[in-house]
Amino acid sequence: MQQLYLALLIGGLVLLASIVGTRVATRVGFPSMLLFLLVGVVVGEDGLGLQFSDVQLARNLGTAALALILVEGGLTTRFTDIRKVLAPAAALATVGVAVSTLITAVGAHLLLRMDWQVALLLGAIVSSTDAAAVFSVLRVLPLPRRIAGLLEAESGFNDAPAVILVLMFSVVPFVFEPEGAVTDLAFELLSGAAIGLAVGYFGALALRRIALPASGLYPIATFGLGLVAFAAAGEAHASGFIAAYLAAVVLANSGLPHRSTTRSFAEGVGWLAQIGLFVLLGLLVNPSALTVDVVAAIVVGLLLLLVARPVSVVASLAGFRVPWRDQVFLSWAGLRGAVPIVLATFPIVAGVPDSYRLLNIVFVLVVVFTLVQGPSLRPIAHRLRLISREATREIQVEAAPLDVLDAELLTMTVQPPSRLHNVTILELRLPDPAVITLIIRDGHTFVPGPDTRIETGDELLIVTTSRTRAATEARLRAVSRRGKLAYWFDEYGEPD
């Protein structure tokens, strides 16, 4: 039990340090995923001395974390944003991955004298963009929806082809048959997509008809269906990653109840998965062994950034009318993160010769080029005139942290017994400066006026300050119990 308490204590402290560090990193423009990696390195063997070298456990936990991140990405994706870009996104996720893999592998073989199996593995490992990195960028960068949707869909789709290629190239002894590889790739992608769509459709159908006893169970059930799609596809030897993402997209866009709660829950789980994944990968790497492969990592990174990624974007989008500015930005925005590092553990577990070197190269590549690409995305988007000044001002206002404003956002649903029904906003008389900013009624959202009457079933969004929160909650309770004349009946909303 003492070991359990110590493990929980260390885990809790690492989690809290990562969360606090995320706020600091956001303020200074430092990519948060690198902060999580740094936490793992500091706690690890060359830092505080925590020993961790179980590559197979890291691979299994990393794969599970990637599934959680993809489910979170799907649950926070609006189909209207990606509907028009599904075809180019699919091309980027298949043709783009193949072209990027081939160019990177040839370059690694010729420039670094790598064996063909290791070179192909390296190309496949770094070929896909990282869902966690892309989703985090899209939260703070006000890109046009055509670009944001394309990046979002590509990062959700392209993990699956990359994983399939890595598994194909990890066979020992290495035998590669192109015709069989194409057939296997097509089967795994199509069957995984079919399983994901089926789980999402029937899961949404069931959740609409089943009345769960608590609203908090709906986000858990929705997230669980995404994991079911991932595991079911894996058991069927199909792509679990594409199944998980598509199932989550279908569930998120099926009009299920408690969508805002589900979205918040998904984001929390996604952040937890990211923190755990990057800290784990930081623990796995031995920093003292990285210096040998720094030059190789920079060479491969430059080849990927300046040649492989742009060529793959141009080749994938040749049949689509995508403006050249969009293609330039897409070429630069191919962020790498946790996915390549997790994929680098696959050949190690499979026993591929010289595969430990792949882990070191990929780790250095991710760290160096995330530092280069991440902070430069906004200036490049401005230079390409993809972000207007109005959009920048809007996102800065929208993204202002509530704690900076000393404000809090409250939500409540007016239940049938409540006497808030038929009370106007003016009659409610919330303490200043509390205000009801939005009302969600029958699936429609609107801003209330002073004469707007509250109705049973309304979901109220209330912004207040930390100092007046208690008084605001008390006033809501009082009116809910005795109506707008609650104070005449000596009802002041004291907690039960």
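The legends below describe a predicted model, in which local features need pLDDT of at least 70 and side-chain atom pairs count only at pLDDT 80 or more, while totals for chains, interfaces and linings use all residues. Residues are numbered from 1 along each chain as its sequence is written, and side-chain values use heavy atoms, with hydrogens and water left out.

View 1. Helix α6 spans residues 116-125; helices (H or I, at least four residues) and strands (E, at least two) are DSSP runs, numbered from the N terminus. Nine of the ten residues of α6 are buried, where buried means under 20% relative accessible area, exposed over 50%, and partly exposed in between (1.4 Å probe, protein chains only). Among the buried residues are Gln-117, Leu-121 and Ile-125. The buried residues of α6 pack against α5 (86-112), α9 (159-169), α14 (294-316), α16 (338-343), α17 (345-350) and α18 (355-383).

**View 2. Helix α6 against helix α9.** Two packed helices are described by the angle between their axes and the distance between the axes. Axes are lines fitted to C-alpha atoms, for helices over the stretch in contact, and angles run from 0 to 180 degrees between N-to-C directions. The axes of α6 and α9 come within 9 Å and cross at roughly 165°, so the two helices are roughly antiparallel. Their crossing is left-handed; a crossing is left-handed if the near helix is turned anticlockwise from the far one by less than a right angle, and right-handed if clockwise. Gln-117, Leu-120, Leu-121, Ala-124 and Ile-125 in α6 meet Ala-162, Leu-165, Val-166 and Phe-169 in α9, where contact means heavy atoms within 4.5 Å. By class, this contact has eight nonpolar, one polar and no charged residues. Ala, Val, Leu, Ile, Met, Phe, Trp, Tyr, Cys and Pro count as nonpolar, Asp, Glu, Lys and Arg as charged, and the others, Gly among them, as polar.

**View 3. Helix α2 against helix α18.** Helix α2 (residues 32-43) packs with α18 at an angle of about 140°, and their axes are 10 Å apart. The two helices are therefore oblique to each other, and α2 passes α18 in a left-handed crossing. Met-33, Leu-34, Leu-37 and Val-41 of α2 make the contact with Phe-363, Val-366, Val-367, Thr-370 and Leu-371 of α18. These residues divide into eight nonpolar, one polar and no charged.

**View 4. Helix α2 against helix α13.** The axes of α2 and α13 (residues 259-284) come within 7 Å and cross at roughly 45°. That makes α2 oblique to α13, and the crossing is right-handed. Residues of α2 including Phe-36 and Gly-40 meet residues of α13 including Trp-271 and Phe-278. By class, the contact has twelve nonpolar, four polar and no charged residues.

**View 5. Asp-293 in a loop.** Asp-293 lies in the loop between α13 and α14 and is buried, with a relative accessible area of 6%. The side chains of Asp-293 and Arg-357 are joined by a polar contact of 3.0 Å. A polar contact is a pair of N or O atoms within 3.5 Å; within protein, one must be able to donate a hydrogen and the other to accept it, and residues adjacent in sequence count only if both atoms are side-chain atoms.

Notes
Parallel < 35°, antiparallel > 145°, perpendicular 65-115°, else oblique.
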